[in-house]
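Trainee: Could you go through this one with me? I'll ask things as they come up.

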Amino acid sequence: MNNRIDNIFRDKVAELDSTPKEVQWTPEKGWANYQQTYSPKRTPLRRFMLIATSMAAAIALMVGFAVKSNIFAPKVIVLQNQTDSITMQQLPNGSKVWINKNSSIAYSVRKSGEFTMDIDGEIYLETEGAAKAPYTLRAGNAIISIENKAALNIKAYPNDNDIDITVSRGSVKVADNILGQGLSLLVTKGNYCSVSRTNSLVFATSNNNPNYLAWKTGNITFNNTPMITVTEVLEKFYGQDIEIADDTIAYLSFTGTFTNLSLDSILAAIEDKTAIKATRLHDKVIISK
Amino acid sequence: MKTILSTLLLLLALQATANAQCAISEKIDWSKEYDGKFLKDFEVKQSDSNVTRFSIILRKDIRYALHFVNPSTPISNIKLYVSDKEEYPVPLNTQVDSEKNHSVSWLKVNETGAYHLYIEFNEKCENDCVVMLLYLEEEEE
């Protein structure tokens, strides 16, 4: 195409055989000038460069499209528990996860072994053996890294102020993504860690709550526990408002263990062992003398 | 008989009061009690080792205030120590008000990172406890 245009232009220039005397222009000069401006030499190197640049641009476009369309991202599996009981799932990397009611996880596993999981609600996770790559769990602004065999409970309900991580086997590292992942606390077996959703506060200490796994095991234990704490545990576990009508009984201690019992059965057992009464009034349970 | 009964009742009442003093469950809105931005309350119960450890991430150039309230023992029986992750002690400025049974320790660290707070009960007494309140008093711009 370019050659044809060049030929037409050269013929037209050759036809210009008479120019005014004051014009310092000749068809030869015009042709040379045209060639210099519009027909740069197409050396083999130039051709190679042109092809290579075009190919690079095409590849860059394809990669950009692939990244934007998440073609290289691993598949994300979402598990939601909308049933009225807890569910247990075995994950592709051998880990086991128990998901509480109204809770969900979204996880992905890369070929490298890198495992990431987002948690909403409450779960208990048991990982098996040393991981090929660290497991990264995200719950709200908490980031939990697991490198070896571990078992932990994560409570991260959106309406709670804190995200609670209780470790029952092995150890994990906990960080706040606002403070940065480099600033983490090592939380070992028997300890728990709390990450504030609002204050960038991360702390860990020994776990004194024997009922942190009650949602999974159905076991509720009280050991010289003040009645005010007993009612708080029962309120959370059964989703029932319980009010202590008389302050003098708030600090009476109670000891007992219950497994998979109804709230009414537990209240009856407390009534038997202590001098208090539990009465249902409208939507509340009232604890009185 | 009457004397024994009244002594028992008195002991029960004292026990109930002692327990009542340290429970966070009293639902006091601690956030309004002292100056600064309230961060968290912790109920610290005496453990077998006499010392309870908290690990916490503290930020540099911030003055934290640690208030100890509602102890079930005289406030002078409770000591606070702070160390960095290498267990080097961090200096504290502490004021004890024995009359109000309250103490406050101010803390400022030079490096953001993990620190350990140790709360020690001087006398071994099972179930002794205290409420520790963490406030952020000032933040350098």
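Trainee: Which residue is the bridge partner of Phe203(A) in β2(B)?
Mentor: The bridge partner of Phe203(A) in β2(B) is Ile56(B). Before going further, note that this is a predicted model, in which local features need pLDDT of at least 70 and side-chain atom pairs count only at pLDDT 80 or more, while totals for chains, interfaces and linings use all residues. Residues are numbered from 1 along each chain as its sequence is written, and chains are lettered from A and ligands numbered from 1 in the order in which they are written.

Trainee: In which sense do β13 of chain A and β2(B) pair, parallel or antiparallel?
Mentor: Strand β13 (residues 202-206) of chain A and β2(B) pair in the antiparallel sense over two bridges, where pairing requires that DSSP finds at least two bridges between the strands. Helices (H or I, at least four residues) and strands (E, at least two) are DSSP runs, numbered from the N terminus.

Trainee: And how many residues does the contact take from each chain?
Mentor: Chain B contributes 17 residues and chain A 15 residues, with two residues counted as in contact if their C-beta atoms, placed from the backbone, lie within 7 Å. On the side of chain B that touches chain A, the elements giving two or more residues are α1 (2-22), β1 (37-45), β2 (51-58) and β7 (113-121) of chain B, and β2(B) gives the most, with six residues.

Trainee: What does chain B come to in secondary structure?
Mentor: Chain B has one helix and eight strands, and along the sequence they follow the pattern α-β-β-β-β-β-β-β-β.

Trainee: Switching to chain A, why does α3(A) lie largely in the open?
Mentor: The number of buried residues among the 25 of α3(A) is zero, so the helix lies largely in the open; a residue is buried if 20 or more other C-beta atoms lie within 10 Å of its own, exposed if 12 or fewer, and partly exposed in between, with C-beta atoms placed from the backbone. Helix α3 (residues 44-68) of chain A reaches 36 Å from its first C-alpha to its last, close to the 36 Å expected at 1.5 Å a residue, the expected span being 1.5 Å times one less than the number of residues.

Trainee: Where is confidence lowest in chain A?
Mentor: Confidence in chain A is lowest in helix α1 (residues 2-15), at a mean of 74, and highest in strand β8 (residues 151-156), at 97. The mean pLDDT (the predictor's confidence in each residue, from 0 to 100) of chain A is 88, and 93% of its residues reach 70 or more.
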